[in-house]
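Here is a short report on selected sites, to be read beside the sequence and the 3D view.

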Amino acid sequence: MQPGREPSPSPAGDDVGVVVIGRNEGERLRRCLASLQSDARYIVYVDSGSTDGSVAMSRALGVTVEALDLSTPFTAARARNQGLGRLLESHPALRYVFFVDGDCEVVGGWLEKARQFLAEHSKVAVVCGRRRERHPQQSIYNLLCDIEWDTPTGETRACGGDALMRIPALREVNGYRQDLICGEEPELCVRLRQAGWQIWRLDAEMTLHDAAMYRFGQWWKRTLRGGYAFAQGAHLHGAPPERHWVSERRRAWLWGLWFPLGALASTAVFGAPALLLLMIYPLQVVRLALRGRRTRRENWWLAGALVLGKFPEMLGQLQFVLDNRRRVKRRLIEYK
């Protein structure tokens with residue numbers, strides 16, 4: 001799409017708009033926008049304070065840019081809501097919106113396939129597909145992300161950041177909850193399901209994601225953010241019958257705090273041999289690895305990450321507890 005030109009008809013249909021969100025994504029954002037321009041007619045890029053020229057680049061590609069107000073803390077939820085609002089200002093007749101992160105490249109034909117599914121299934125509010133990592137072979141952390149994206153198809157409970165949504169359904173539940181710094185997509189899906197809508201994941205390629213995770217510290221911070229999301233999600237929707245992320249919250253507290261503290265406390269009675277209780281951690285890695293259904297290498301890496309990950313998850317939950325008690329609004333927990 002070139003500046004000043006009328007957008008050409010798109011394979012996905014003229015009732016589909018796209019909201020891309022990002023911050024300092026650089027070449028990843030360029031790939032994202034380029035992958036959309038042959039399939040989507042209406043695209044809005046929402047920028048969260050980039051300093052790498054993302055805004056100028058997007059405008060040069062003919063994309064509408066919405067820059068978030070710097071005086072208010074950024075959240076992905078706020079960016080998506082604002083992007084949808086900008087889309088509907090110019091194109092109020094849109095029926096569907098595809099939200100995608102700026103570090104993702106959209107697979108050709110996905111939008112058309114997803115739109116057709118929503119058009120044929122009136123009770124479905126959200127449809128997503130397979131997100132893959134662009135470079136899973138370059139680091140174990142990228143590989144772990146790719147495994148994380150590989151979830152069952154069919155009707156599901158939640159989607160991720162990339163998904164095609166029915167705009168009337170979004171309006172019915174007032175869109176994303178803007179004060180969430182993470183876990184905003186599953187929280188939205190909770191409210192959509194409570195309103196009677198369905199969430200579906202198709203057996204179809206959707207996006208290529210570039211996590212660009214090459215350091216242990218990045219993985220630790222991303223996992224800590226996941227723990228924060230578990231705690232906040234359970235705080236909001238943990239009551240029956242939903243019990244949103246209650247199990248995830250309990251497991252993080254158990255394995256990340258209470259069990260190791262219990263083992264240390266046991267030394268007061270049983271002495272140093274009580275520390276042998278901590279052998280349950282490597283044994284848990286072995287158990288999970290042997291039960292895995294992927295390659296041997298992937299099973300062992302995933303098992304180790306699941307067990308070790310309980311510690312940053314616990315710390316993330318602790319941060320939420322402290323923030324909630326002090327009524328502090330935490331800024332984004334970023335790993336890039």
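Predicted model: local features only at pLDDT ≥ 70, side-chain atom pairs only at ≥ 80, totals over all residues.

Ala212 is buried, at 15% relative accessible area. Buried means under 20% relative accessible area, exposed means over 50%, and partly exposed lies in between, using a 1.4 Å probe and protein chains only. The residue sits in the loop between strand E9 (198-209) and H8.

Residues are numbered from 1 along each chain as its sequence is written, and side-chain values use heavy atoms, with hydrogens and water left out.

Asn174 also has a positive phi, near 65°, and is not a glycine. It lies in the loop between helix H6 (167-172) and helix H7 (184-194). Asn174 counts as exposed because its relative accessibility is 67%. Helices (H or I, at least four residues) and strands (E, at least two) are DSSP runs, numbered from the N terminus.

Another backbone detail involves two prolines. Pro240 and Pro241 are joined by a cis peptide bond, with omega about 5°. Pro241 belongs to the loop between H8 and helix H9 (246-270).

The table lists accessibility for three of these sites.

| Residue | Relative accessibility | Class |
|---|---|---|
| Val307 | 9% | buried |
| Asp146 | 11% | buried |
| Asn174 | 67% | exposed |

Val307 lies in helix H11 (residues 296-308). Beyond four places in sequence, Val307 touches Tyr281, Gln284, Val285 and Leu288. Contact means heavy atoms within 4.5 Å. Val307 and Tyr281 are 26 residues apart in sequence, yet their C-alpha atoms are 6.9 Å apart in space.

Asp146 is part of helix H5 (residues 140-149). Leaving out neighbours within four places in sequence, Asp146 contacts Arg130, Arg132, Glu133 and Pro136.

Arg166 is found in strand E8 (residues 163-166). Its side chain reaches the backbone oxygen of Val124 at 2.9 Å. Among the residues that Arg166 touches, beyond four places in sequence, are Arg95, Tyr96, His121 and Trp197.

Now the spaces. On a 1 Å grid over the protein atoms alone, a cavity is a set of points where a 1.4 Å probe fits but cannot get out; a pocket is an open set with protein on both sides within 12 Å along at least five of seven lines; lining residues have an atom within 4 Å of a point. Grid points are joined across faces, edges and corners, and a volume is the space filled by probe spheres set on the points.

There is one cavity of 30 Å³ or more. The largest cavity holds about 30 Å³. Its lining includes Leu180, Cys182, Glu187 and Trp245. Helix H8 (residues 216-237) gives the most to this lining, with four residues.

The second largest pocket has a volume of about 420 Å³. Of its 23 lining residues, Asp179, Gln232, Val328, Lys329 and Arg330 are closest to the centre. H8 and helix H12 (310-326) each supply at least two lining residues. H8 provides the largest share, four residues.

Key:
Polar contact = N/O pair within 3.5 Å; in protein donor to acceptor, adjacent residues only side chain to side chain.
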